[in-house]
Amino acid sequence: MYRVIMLVVGYLLGSIQSAIIYSKYIKGTDIRKQGSGNAGSTNVIRIYGKKAGISVFICDILKAVIAVVIAKVIYVDHQIIAALYAAIGAIIGHSYPLYFGFKGGKGVAVTVGAIYIIDFRIGIISTIVFYISLKLTKIVSLSSMLLTSSVPICLYIFYRDRSFTTEAVILGCVIAVITIFRHHSNIRRIINGTEAKVGNNK
């Protein structure tokens, strides 16, 4: 039952879409109809500037942090699994927000926030993977997918002797698959060589 509860709690918190709230109620526009059409901090930076993007990024992280903290505080005996379900709920809520027509962002900031609270070590490693990839490829989307793909591997490494290892790794894979699925258009552009790079037009 705690799995369902935390999935729902995470989803409801994740559905609080700061990028959409900022664009609609402060700027009077809809971020989903501008730039890349993604309701996330990268597109907010592109359209409204760095300060707005950083604010949205922080808000996205915070809602994931709150969801995971609730899971870890309430379900002390099932902290990692409860936290992973809360994280998945928050990522799904961010991607398909209940309050905004089920059209949201790609959930990378939410994922980062959740990972750090689930296990700080995994957060550090996944961040290192992101920055190494970004340094080598200059492609944010690819680096984001590699970041989340490192999660199930890290979960196995750090919890391989626990009774919940298999479930934890599966949930980590779910997180990675959600991110990859949400980046399907980016994957097409990467294959075609048209994906934007940091500091370049392509």
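**Exercise 1. Find which helices supply at least two residues each to the lining of the largest pocket.**

Step 1. Let us begin with the helices, taken as DSSP runs of H or I with at least four residues and numbered from the N terminus. Those that each supply at least two lining residues are α3 (41-48), α4 (50-74), α6, α7 (120-137), α8 and α10 (184-192).

Step 2. Keep the source in mind: this is a predicted model, in which local features need pLDDT of at least 70 and side-chain atom pairs count only at pLDDT 80 or more, while totals for chains, interfaces and linings use all residues. Residues are numbered from 1 along each chain as its sequence is written, and side-chain values use heavy atoms, with hydrogens and water left out.

Step 3. A pocket is an open set of points on a 1 Å grid over the protein atoms alone, with protein on both sides within 12 Å along at least five of seven lines; lining residues have an atom within 4 Å of a point. The largest pocket has a volume of about 1100 Å³, volume being the space filled by probe spheres set on the points, which are joined across faces, edges and corners. Its lining counts 35 residues, and S41, T42, F130, V140 and S144 are the closest to its centre.

Step 4. Sorted by class, this lining has 14 nonpolar, 14 polar and 7 charged residues. Here Ala, Val, Leu, Ile, Met, Phe, Trp, Tyr, Cys and Pro count as nonpolar, Asp, Glu, Lys and Arg as charged, and the others, Gly among them, as polar.

**Exercise 2. Describe the second largest pocket and its lining.**

Step 1. The second largest pocket holds about 240 Å³ of space.

Step 2. Among its 14 lining residues, S36, G37, N38, K106 and R182 lie nearest the centre.

Step 3. Helix α10 gives the largest share of this lining, 4 residues. By class, the lining has 2 nonpolar, 8 polar and 4 charged residues.

**Exercise 3. Which residues line the largest cavity?**

Step 1. A cavity is a set of grid points where a 1.4 Å probe fits but cannot get out. The count comes to 1 cavity of 30 Å³ or more, and the largest cavity has about 30 Å³ of space.

Step 2. The lining consists of L84, I115, I118, I122, V151 and L155. These residues divide into 6 nonpolar, no polar and no charged.

Step 3. Now place them on the fold: α6 (108-118) and α8 (140-159) each supply at least two residues of this lining.
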